[in-house]
Amino acid sequence: MDLPRDAMLLRVFFGENDKHKGRPLYEAIVMAARDAKLAGATVLRGPMGFGRTSRLHTTKILRLSEDLPLIVEIVDTEERIKAFLPTLDGMMGSGLVTLEKVQVLQYGADVKHTPA
């Protein structure tokens with residue numbers, strides 16, 4: 001799949017304890033994006049963050065696994081991202097979803113590696 005230079009980035013912010021139909025929300029989102037044949041998705045885990053309630057989530061020693069922040073980033077064309085939004089909406093209980101226009105500089109180039 002080729003991506004045009006002008007594309008869209010979808011970011012979804014939520015907590016690692018969030019679920020969709022019994023499975024981790026991040027996994028459900030990534031698999032739905034894959035099923036929709038979107039160009040790519042990545043899950044990022046944050047060591048610290050807060051949201052609407054201002055409750056701090058952190059990896060500090062006494063608070064390990066306190067619902068740390070996760071971000072799923074998905075890149076594709078604006079049309080395909082917007083077509084995916086109703087699917088995402090049906091999965092989200094709470095969280096933050098953002099869109100931004102991005103420029104794709106490289107996607108899927110075949111790089112030949114030489115043995116070391």
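Predicted model: local features only at pLDDT ≥ 70, side-chain atom pairs only at ≥ 80, totals over all residues.
Residues are numbered from 1 along each chain as its sequence is written, and side-chain values use heavy atoms, with hydrogens and water left out. Local features need pLDDT of at least 70, side-chain atom pairs count only at pLDDT 80 or more, and totals for chains, interfaces and linings use all residues.

A salt bridge here is a side-chain nitrogen of Lys or Arg within 4 Å of a carboxyl oxygen of Asp or Glu. That rule gives seven of them.

Start by selecting Arg11 and Glu73: their closest N and O atoms sit 2.6 Å apart. Arg11 is in strand β1 (residues 6-15) and Glu73 in strand β7 (residues 69-76), so this pair ties together parts 62 residues apart in sequence.

Next, pick Arg45 and Glu16, bridged at 3.2 Å, N to O. Arg45 is in strand β4 (residues 40-45), Glu16 in the loop between β1 and β2 (19-20), and the two are 29 residues apart. Arg45 is exposed at 54%, whereas Glu16 is buried at 18%.

Last stop: helix α2 (residues 78-89), where Lys82 and Glu78 are four residues apart, about one helical turn. Their side chains meet in a salt bridge at 2.9 Å, N to O. Lys82 is partly exposed at 42%, and Glu78 is partly exposed at 26%.

Key. Buried < 20%, exposed > 50% of the residue type's maximum accessible area, 1.4 Å probe, protein only.
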